[in-house]
Amino acid sequence: MADPTPVIDDLCAESEELDLLVAELSKEQWSSPTPAPGWTVAHQIAHLAWTDHSSLLAVTDQAAFSREVEKALAAPGDFVDNGAEEGAAKPPERLLAYWRAGREDLAEALRAAPDGARFPWYGPPMSTASMATARLMETWAHGLDVADALGVTRAPTDRLRHIARLGVRTRDFAFGVHGLTPPFEEFRVELVAPSGEMWFYGPENATDRVTGPALDFCLLVTQRAHRTDLALTAVGEHADRWLDIAQAFAGPPGDGRAPKGAGAKGAAQ
């Protein structure tokens, strides 16, 4: 069984990097609009804090987490926004303290989880490593929204390997959530890491293939960029369809982001 420590360590590093970005913001900057409609920088951090809290309940108090699921089922279209709205209403210093405490408690709980543990979630149950990967994915993606709002460019790191792997593993989920039957055959995915290393997934002789930068693939599966703005290439009908619907996060299909240009499908912009 894979040791979850590396992904937990990377989750903490990703959170610290985002923390440095927001720690000294003015009250006005906390109110800056982000690419997510209706969400400010405060909403983005509040959402992370809210989801960390839900994750902590899933790991440490499953009865309490079940009650959170019931709330979600009662208001499926609003519970995420409501959580972000409630947190964003806090004074920035309180919100920041709440986020820091929650993510530290979650990291400690994940490190203490027994081998083979599985935790309930809004989607399928997750292992310790999967829970940490999901939190890393969200922290990175919402951190991008914060950086965009502040006009900051964040350099990608090889921490993306966890998100890329999650994006590959959620292929069938992406088809299913769109009401489509997942392809039976595996795809070959070949990605260039920020460090220049090559990351490979799936059989080498697969007919359907996806190639390109790991950053672009992660932007795609977190729906932080439109496919036409990314340097990803698909070979095969099923792989091509996947790049139109890919998502690594639980829940209904996201709306994604509008294209920045009018480039051809699958071409770099």
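**Rings, charges and cysteines: a quick tour**

Okay, let's start with a trio: Phe65, Trp121 and Tyr122 form one aromatic cluster. Before I go on, a word on what we're looking at: this is a predicted model, local features need pLDDT of at least 70, side-chain atom pairs count only at pLDDT 80 or more, and totals for chains, interfaces and linings use all residues. Residues are numbered from 1 along each chain as its sequence is written, and side-chain values use heavy atoms, with hydrogens and water left out.

Back to the rings. A pair of aromatic rings is described by the distance of the centres and the angle of the planes. Here, rings of Phe, Tyr and Trp (its six-membered ring) pair if their centres lie within 6.5 Å; planes under 30 degrees apart are stacked, over 60 edge-to-face, and the rest tilted. How many aromatic pairs does the structure hold? Five. One of them joins tryptophan 121 and tyrosine 122, edge-to-face, with 4.9 Å centre to centre and 70° between the planes.

And are those two buried or exposed? Let me give you the cut-offs: buried means under 20% relative accessible area, exposed over 50%, and partly exposed in between, using a 1.4 Å probe and protein chains only. Tryptophan 121 has 16% relative accessibility, so it counts as buried. Tyrosine 122 comes in at 29%, so that one is partly exposed.

Next pair: phenylalanine 187 and tryptophan 242 have ring centres 5.6 Å apart and planes at 55°, so this pair is tilted. The two are 55 residues apart and link distant parts of the chain: phenylalanine 187 is in the loop between helix 9 (171–177) and strand 3 (188–192), and tryptophan 242 is in helix 11 (residues 237–245). When I say helix or strand, I mean DSSP runs numbered from the N terminus: helices are H or I with at least four residues, strands are E with at least two. Both phenylalanine 187 and tryptophan 242 are buried.

Arginine 171 lies over the face of phenylalanine 187, at 4.3 Å from the ring centre. The rule for that is NZ of Lys or CZ of Arg within 6 Å of the ring centre and within 35 degrees of the ring normal. Lysine 90 does this with tyrosine 98, at 5.2 Å from the ring centre.

One more aromatic, tryptophan 99: its place is in helix 6, and with 1% relative accessibility it counts as buried.

Now for charges. Side chains of opposite charge can pair when their charged atoms come close. We call it a salt bridge when a side-chain nitrogen of Lys or Arg is within 4 Å of a carboxyl oxygen of Asp or Glu. How many salt bridges does the structure hold? There are 19.

Take arginine 159 and glutamate 17, whose side chains meet at 2.9 Å, N to O. They're 142 residues apart: arginine 159 is in the loop between helix 7 (128–150) and helix 8 (160–169), while glutamate 17 is in helix 1 (residues 5–22). Arginine 159 is buried at 13% relative accessibility, whereas glutamate 17 is partly exposed at 30%.

Aspartate 19 bridges to arginine 103, with the closest N and O atoms 2.9 Å apart. Aspartate 19 lies in helix 1 and arginine 103 in helix 6 (residues 92–112), so this pair ties together parts that are 84 residues apart in sequence. Both of these residues are buried.

Then there's aspartate 52 with arginine 135, at 2.8 Å between the closest N and O atoms. Aspartate 52 sits in helix 3 (residues 41–60) and arginine 135 in helix 7, 83 residues apart. Aspartate 52 is buried at 4% relative accessibility, and arginine 135 is buried at 1%. Some bridges share partners, too, and join Glu14, Glu17, Arg154 and Arg159 into one network.

Last stop, the cysteines. A disulfide is a covalent bond between the sulfur atoms of two cysteines, and the cut-off here is sulfur atoms within 2.5 Å. A search of the whole structure finds zero disulfides. Cysteine 218 is buried, at 0% relative accessible area, and cysteine 12 is partly exposed, at 27%.

That's the tour, thanks!
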